[in-house]
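I opened this notebook to keep track of what I looked up in one protein model, and in what order.

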Amino acid sequence: MKADAATDIERIRWASRKLVRELGFMEQTLAGTNLSPSAVHALIEMAEGRATTARDLSDLLHLEKSSVSRLLKKLIDTGDIVETQDEDDFRVKRLTLTTKGRDLFAAIAKSAQTRVGQAIAPLAEDTVRTLIAGLEGYAEALAHSRSDDTAPDEPEIAEGYRPTLLARVVEMHAHYYSGLVGFGLPFETKVASELAEFMTRLDAPKNGIWHVASGGRISASIAIDGQDLEGDIAHLRWFIVDDTLRGTGIGKRLLDAAIAFCDAQGFSETHLWTFLGLDTARALYERVGFQLAKEKAGRQWGADVIEQRFARIGQLD
């Protein structure tokens with residue numbers, strides 16, 4: 001690194017630290033409120049329409065989901081925001097500012113406008129334009145370097161058993177579906193017992209299981225059971241993606257791997273069982289040729305749902 005470049009970096013670092021301090025981000029509260037800096041930023045992003053879900057805030061603020069959850073709970077408890085269920089996907093909760101929250105945002109905006117206005121008032125117009133261009137360019141450069149440095153490698157799909165696979169698949173199912181529709185012990189024991197039995201047959205050529213590990217922890221799975229249905233019909237089972245990988249496209253890749261296996265094995269059909277309301281998963285199934293074959297009310301998973309069977313005709317070479 002050249003000496004001039006090193007000097008530039010140190011000057012930018014010093015200016016960045018000073019900027020953070022002068023804007024009040026080292027204080028316990030921000031912008032004349034009793035809120036933390038992250039809560040103020042969350043309100044701004046929601047008020048200006050860039051964030052309508054917890055996931056949006058996690059991405060925009062670069063915060064862990066647990067931190068966002070705690071932050072949102074406080075804002076809900078203080079009456080600044082409300083959560084409502086999305087009309088198209090009942091797994092998603094939309095965030096909206098209340099009247100109290102909008103008034104708070106207006107106060108935050110006014111405080112920030114006053115602070116910045118006072119700072120730039122003595123500056124010439126050309127200097128202000130240069131300042132804006134520099135700040136915008138610096139912010140974009142930081143964002144670009146973050147995405148380059150922290151973008152995770154595309155998760156790899158692995159086939160077959162590995163330690164903790166059975167336990168993690170059961171855990172992911174129990175965690176997700178208990179929160180989604182209230183499935184409890186009957187569902188968890190059903191998943192555990194049937195998956196354990198399937199794993200004893202994994203060496204059969206028409207059975208297969210695929211998984212993805214993220215950070216050394218299994219975070220997604222799918223299986224094809226070629227033995228438990230009558231005739232030459234495959235059963236697609238235990239398709240689950242952990243919250244940490246939702247939206248990454250890994251579900252589509254897993255499903256493609258399982259369907260490619262079914263076609264290579266020459267199954268005449270592939271069936272799967274699910275229930276009404278899982279619209280995102282249904283879109284994935286229909287993309288690869290599954291069609292709804294039957295639905296009925298039932299509670300085999302421990303709660304009242306509309307059970308659905310989807311079928312896909314095998315593809316011949």
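**Entry 1: ground rules.** I noted that this is a predicted model, in which local features need pLDDT of at least 70 and side-chain atom pairs count only at pLDDT 80 or more, while totals for chains, interfaces and linings use all residues. Residues are numbered from 1 along each chain as its sequence is written, and side-chain values use heavy atoms, with hydrogens and water left out.

**Entry 2: the whole protein.** I found 10 helices and nine strands in the secondary structure; helices (H or I, at least four residues) and strands (E, at least two) are DSSP runs, numbered from the N terminus. Of the 317 residues, 35% are buried, where buried means under 20% relative accessible area, exposed means over 50%, and partly exposed lies in between, with a 1.4 Å probe and protein chains only. I then looked up the accessible surface, which comes to about 18800 Å², with 54% of it belonging to carbon and sulfur atoms; such areas come from the Shrake-Rupley method with a 1.4 Å probe, and for residues only the protein chains shown count as cover. Taking contacts (heavy atoms within 4.5 Å) between residues at least 6 apart in sequence, I noted that 57% join residues at least 24 apart.

**Entry 3: the cores.** Which residues have the most contacts inside the largest nonpolar core? They are Y177 and I224, in a core of 47 residues; a nonpolar core is a set of buried Ala, Val, Leu, Ile, Met, Phe, Trp, Tyr and Cys residues joined through side-chain atoms within 4.5 Å. A second, separate core has 19 residues, including L57, L61, I81 and L104. Going back to I224, and leaving aside its neighbours within four places in sequence, I listed its contacts, among them F198, W210, A234, L236, F261 and F267.

**Entry 4: strands β5, β6 and β7.** I looked next at strand β6 (residues 233–241), where nine of the nine residues are buried, so that I wrote it down as mostly covered. Strand β5 (residues 217–225) pairs with β6 in the antiparallel sense over five bridges, whereas β6 and β7 pair in the parallel sense over three bridges; two strands count as paired if DSSP finds at least two bridges between them.

T270 is buried, with a relative accessible area of 1%, and beyond its neighbours within four places in sequence it is in contact with A234, L236, C262, F290, F310, A311 and R312.

**Entry 5: helix α2.** In helix α2 (residues 37–47) I found P37, A39, V40, A42, L43, E45 and M46 buried. The buried residues of α2 pack against α3 (54–61), α4 (65–77), β1 (81–85), β2 (93–97) and α5 (99–120). After α2 comes G49, whose phi is positive, near 85 degrees.

**Entry 6: a patch on the surface.** L19, L23, L123, L131 and L135 form a nonpolar surface patch, with about 400 Å² of accessible area together. L131 lies in helix α6 (residues 125–150) and is partly exposed at 37% relative accessible area. L23, in the loop between α1 and α2, is partly exposed too, with 40%. L23 and R115 are 92 residues apart in sequence, but 8.4 Å apart in space, C-alpha to C-alpha.

**Entry 7: positive phi.** I also looked up two residues other than glycine with a positive phi: H62, near 55 degrees, and T164, about 75 degrees. H62 is in the loop between α3 and α4 and is partly exposed, with a relative accessible area of 47%. T164 lies in the loop between β3 (157–159) and α7 (165–181), and at 48% relative accessibility T164 counts as partly exposed.

Note on methods: Patch = residues over 30% accessible without salt bridge, like charges linked within 9 Å, V, L, I, M, F, W, Y side chains within 5 Å. Salt bridge = Lys/Arg side-chain N within 4 Å of Asp/Glu carboxyl O.
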